[in-house]
Structure formats: structure tokens, C-alpha cells
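Visitor: I'm new to this one. Can you put it up and walk me through a few spots?

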Amino acid sequence: MHQITGSGWIEVISGSMFSGKTEELLRRLRRAEIAGQEIAVFTPALDDRYGETTIGSHNGRSWEASVVDNEGDGPWDVTDGLNGEMVVAIDEANFFSDALVDVCQALAEDDRRVIVSGTDQTYRGEPFDPLPDLMAVAEYVDKLQAICAVCGEPATRNQRLIEGDPAHEDDPTYLVGAEESYEARCRDCHVVRRD
Ligand SMILES: Nc1ncnc2c1ncn2[C@@H]1O[C@H](COP(=O)(O)OP(=O)(O)O)[C@@H](O)[C@H]1O
Ligand SMILES: Cc1cn([C@H]2C[C@H](O)[C@@H](COP(=O)(O)O)O2)c(=O)[nH]c1=O
Ligand SMILES: [Zn+2]
């Protein structure tokens, strides 16, 4: 909590896939650990890429996490599962419903430091809920950029690769994956097929 006001806050780490969101989250968690703070980390059940009980970056680093069954409107186990931890991290926020905003607000109002990470755009280049609302209520927002897989410029968008074709309009928004299914791309190189 803040030294003077004693209040909590929300930090959002967002940007395209491969932009280093999870690396940055892990960096902040390592520093909190060095400071002797108790930490609780949550990851949605939908994302099992790195094993059920870890969050992991694309370059192989990881941290133990509690898996949240994030179906429905919450508050899930993020609030129930706490044991006095004052630093609460939530990875892959893009897999939660808008109810995550109220959960994070309640944690911050309970004087906790809340760190939320998630990509802010769907493969169609549209805002990926609940990231826009989380960014609006957060005290701190960092939007990171990857490197465009096509041209090498800074990348802000997520290209979904389906058998080498651009994304289809009617594909589901949720599709767990990494480099086999997605590329980071800049505005110019990002392609959305609109049938
Ligand atoms: N196109 C890319 N641009 C930048 N980094 C990339 C790219 N593709 C792979 N990487 C790797 O991904 C790492 C970031 O991984 P990670 O923190 O998991 O990103 P995010 O959580 O934003 O998806 C980089 O340090 C780099 O090693
Ligand atoms: C763009 C987009 C992404 N996803 C999924 C793909 C990954 O499992 C995560 C993002 O992971 P990262 O840590 O940011 O690399 O989200 C999706 O389901 N739908 C999309 O449109
Ligand atoms: Zn590009």
C-alpha cells in the first residue's frame, strides 16, 4: 500500500502478444519478493500453456500461480483464495469477463497492490474486454510493444494464423495459443479478412 495514504492501487501491463507483458509481470513479482512482501498470483483455467499452476513467459520464465475457474461473473477464487497477501497478480486478464474490473477494484480498495497483465486487442484488432475498462480505472498503465514478425517495426497487434491465412471474421474470440497460432504485427502488416 502507499506509505502516506495507506491505500492500494491497480497496475495494468498490456500490449500485443510477445511484447514482454509476462516478463514484466515476473520482474515486478521478483522485486516484491525481494522486498519481503507476500504475493498471490492467479491465472485463468482456460490458459494451460505453461502447466496448470504456473504463469510463463514466451522465453521460458515462470512463477507458481493458483488456477482460477474463470467461468461466469466472479468474484471467483481471486478474493476467496487470499490469505493476507498484499500483492495480487492476475495474468491473462483477457480471458476473464468484465467482472474482473470489480474484483480488482475491491482488492485495491482493500489496500492491496493489484498487478494485471493481458493483451488489449483481439486478433481482429478490436478492444479485448476487460482490458479497456481495467486501463481506465488503473492508477498505472504500461502498454508494451513487440517486434512485427513481418517488417521489424514496433508491433501493437495480434495476427492469428489459421493454416497460413488471415483470420476469419466468424472465428471464436478465445483461442489459446502462442507462436504456432499468432504473430505480433504492426498496424500496416496486420490483416483481418472481412468476408
Ligand atoms: N515478435 C516478437 N517480438 C518481441 N519478442 C518476441 C517476439 N517473438 C518472441 N519474442 C520473445 O517473447 C518474449 C516476451 O515474452 P512474454 O513476456 O511471454 O510476452 P507476452 O506476455 O507479452 O506475450 C521476448 O523477450 C522474446 O524473447
Ligand atoms: C489475440 C488473441 C489472443 N488470444 C489468446 C492467445 C493466448 O493464449 C493469449 C494471449 O497470451 P499472451 O500472454 O499475451 O501472449 O490470448 C485469444 O484467445 N484471442 C485473441 O483474439
Ligand atoms: Zn509490420
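Visitor: Is C151 buried, partly exposed or exposed?

Guide: C151 is partly exposed, at 41% relative accessibility. Buried means under 20% relative accessible area, exposed over 50%, partly exposed in between (1.4 Å probe, protein chains only). This is a predicted model: local features need pLDDT of at least 70, side-chain atom pairs count only at pLDDT 80 or more, and totals for chains, interfaces and linings use all residues. Residues are numbered from 1 along each chain as its sequence is written, chains are lettered from A and ligands numbered from 1 in the order written, and side-chain values use heavy atoms, without hydrogens and water.

Visitor: And C189?

Guide: C189 is buried, at 15%.

Visitor: Which protein donors does the zinc ion (ligand 3) have?

Guide: C148, C151, C186 and C189, each through SG, 2.3 to 2.4 Å away. Donors are N, O and S atoms within 2.8 Å of the metal (3.2 Å for Na, K and Ca); water is not among the atoms, so sites may look incomplete. Along the chain the spacing is C-x2-C-x34-C-x2-C.

Visitor: Why does the pair C151 and C189 tie together parts apart in sequence?

Guide: C151 lies in the loop between β9 (146-147) and β10 (154-155), and C189 in the segment after β12 (182-185), so the pair links parts 38 residues apart in sequence. Strands here are DSSP E runs of at least two residues, numbered from the N terminus.

Visitor: New topic. What does ligand 1 touch on the backbone of H58?

Guide: A backbone N or O atom of H58 lies 2.6 Å from an oxygen atom of ligand 1. For I147, a polar backbone atom is 2.8 Å from a nitrogen atom of ligand 1.

Visitor: How much of ligand 1 does the protein bury?

Guide: Alone, ligand 1 exposes 580 Å², and the protein buries 73% of that. Such areas come from the Shrake-Rupley method with a 1.4 Å probe; for residues, only the protein chains shown count as cover.

Methods. Helices (H or I, at least four residues) and strands (E, at least two) are DSSP runs, numbered from the N terminus. A polar contact is a pair of N or O atoms within 3.5 Å; within protein, one must be able to donate a hydrogen and the other to accept it, and residues adjacent in sequence count only if both atoms are side-chain atoms.
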